[in-house]
Amino acid sequence: SGTELYKEWNKVANPGFWPLFSISSTATFIAMGCTYPLRLVTCNLQAYRGDPAHRPTPRSLFTGIFKKDGLKGFYRGFGANALKAVPASSLGWAAFVKIQKLYETYLE
């Protein structure tokens, strides 16, 4: 994992808060980038308000977005979502790791 690599490269037992925060931010950003097109299509499917008989399929939404806007179309709104989700996820992960270390140190 990123934390283990950081420990090995920097010869430290436990990375501080900021290294944990940056490692988890990077991981969250990459994961969001990989899954965002699927989330976009899922959101479009859920927001469909037309005739149920003409409901689009995931495949038709993917091809429609690609034909209309290309690859760029799959990442519309990505920046705003990343600004919201990356810090929240990173803080949660960094806090989890720090609390886990405190638990291991004082309660075991």
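Helices (H or I, at least four residues) and strands (E, at least two) are DSSP runs, numbered from the N terminus. The model is predicted: local features need pLDDT of at least 70, side-chain atom pairs count only at pLDDT 80 or more, and totals for chains, interfaces and linings use all residues. Residues are numbered from 1 along each chain as its sequence is written, and side-chain values use heavy atoms, without hydrogens and water.

Helix α2 covers residues 17–47, which is 31 residues. Its end C-alpha atoms are only 39 Å apart, while a straight helix would reach 45 Å at 1.5 Å a residue (the expected span is 1.5 Å times one less than the number of residues). Shortly before the proline Pro37, α2 has a kink of about 50° at Thr35.

Two packed helices are described by the angle between their axes and the distance between the axes. For α2 and α4 (residues 78–106), the angle is about 135° and the axes are 8 Å apart. α2 is therefore oblique to α4 (under 35 degrees counts as roughly parallel, over 145 as roughly antiparallel, 65 to 115 as roughly perpendicular, the rest as oblique).

The loop between α3 (58–69) and α4 holds Gly73, and Phe74 has its place in the loop between α3 and α4. Gly73 is buried, at a relative accessible area of 5%, and Phe74 is buried at 7% (buried means under 20%, exposed over 50%, partly exposed in between, with a 1.4 Å probe and protein chains only).

| C-alpha pair | Separation along the chain | Distance |
|---|---|---|
| Gly73 and Leu40 | 33 residues | 9.5 Å |
| Phe74 and Phe62 | 12 residues | 8.4 Å |

Definitions and conventions. Bend = angle between axes of the 7 residues up to and from the residue. Axes fitted to C-alpha atoms, helices over the stretch in contact; angles between N-to-C directions.
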